[in-house]
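Colleague: I'm new to reading protein models. Could you walk me through a few features?

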Amino acid sequence: TGRGARRVPEQAAPATMLSCRGLTVRIADLVVVRDLDLDIEPGQCWCVLGRNGIGKTTLLHTLAGLRASAPGSIELNATPLHQLSRREVARKLGIVLQHYEDNFPATVMETVLQGRHPHLHNWQWESDVDHAIATQAIEQLGLGGYEARNVQTLSGGERQRVSIATLLAQQTELMLLDEPSNHLDLHHRVQVLDTLVSHGRETNSAVLMALHDINLAARFADHVLLLLGNGESCLGRKEQILETAALERLYDHPLTRVETPL
């Protein structure tokens with residue numbers, strides 16, 4: 001640099017929300033991933049693709065700290081996941097499971113308010129602010145007017161949208177979703193995923209979702225993780241990963257790529 005030249009400050013790299021190094025995940029003798037290195041940054045939308053039974057759900061559960069991993073490490077905001085309490089994890093990371101059971105009656109509002117519980121102290125009631133956040137999430141998912149409905153009376157698609165509204169009300173930096181398009185018709189499938197991705201970008205939070213539909217992954221994700229079997233995986237930007245040859249190997253089925261407008 002010459003005398004008097006102004007030094008342009010380097011831009012700081014974005015903070016990594018979730019980081020894995022050398023992560024190995026197993027289900028009995030099945031190896032889901034082996035030596036996985038993964039970094040999820042603010043504002044990103046990741047999609048996990050793989051055949052049925054390949055272990056997508058197990059991987060998401062492992063990343064959420066719901067099951068122990070084999071060798072390797074998982075860090076949430078640069079802190080080892082196992083060192084965080086469940087409340088600390090729930091304030092930073094939320095998950096929508098593929099299956100759920102409503103064994104007891106509860107209204108839609110009561111259910112969505114559960115997303116606020118990680119932010120409350122023991123025996124603390126939800127405030128007006130918590131109710132406002134829950135109401136906004138309900139409206140974002142097109143469920144305005146359902147607040148007093150018993151969740152046991154909802155259709156599968158309506159109940160799925162309640163689960164996603166609960167996740168939005170939790171206001172976490174990282175959202176994990178296992179088949180979020182389950183039970184949804186075409187209109188709500190696109191609307192819900194668009195809501196999730198838009199919310200992530202607006203709040204600088206990240207989304208990681210397991211999907212079956214390649215077209216949805218191509219439309220909404222910017223990064224993709226392929227689970228190829230036998231512990232093999234590949235990951236990167238969507239443009240690099242969603243190639244016909246890789247997807248044919250992934251699903252063991254011939255594919256034809258067709259470009260269409262959104």
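Colleague: Leaving aside neighbours within four places in sequence, which residues is Leu226 in contact with?

Modeller: Contact means heavy atoms within 4.5 Å. Here Leu226 touches Leu49, Glu232, Ser233, Cys234, Ile241, Ala246, Leu247 and Leu250. Before we go on, this is a predicted model: local features need pLDDT of at least 70, side-chain atom pairs count only at pLDDT 80 or more, and totals for chains, interfaces and linings use all residues. Residues are numbered from 1 along each chain as its sequence is written, and side-chain values use heavy atoms, leaving out hydrogens and water.

Colleague: Which residues have the most contacts inside the largest nonpolar core?

Modeller: In soluble globular proteins, nonpolar side chains tend to be buried together. A nonpolar core is a set of buried (under 20% relative accessible area, 1.4 Å probe, protein chains only) Ala, Val, Leu, Ile, Met, Phe, Trp, Tyr and Cys residues joined through side-chain atoms within 4.5 Å. The largest one has 44 residues, and Leu49, Val112, Leu177, Leu196, Met209 and Leu226 have the most contacts inside it. A second, separate core of 30 residues includes Leu18, Val33, Leu59 and Ala64.

Colleague: Is helix 1 mostly covered or uncovered?

Modeller: Helices are DSSP runs (H or I, at least four residues), numbered from the N terminus. Helix 1, residues 56–63, is mostly covered, with six of its eight residues buried; Leu59 and Leu60 are among them.

Technical notes
Buried < 20%, exposed > 50% of the residue type's maximum accessible area, 1.4 Å probe, protein only. Helix = DSSP H or I, 4+ residues; strand = E, 2+ residues; numbered from the N terminus.
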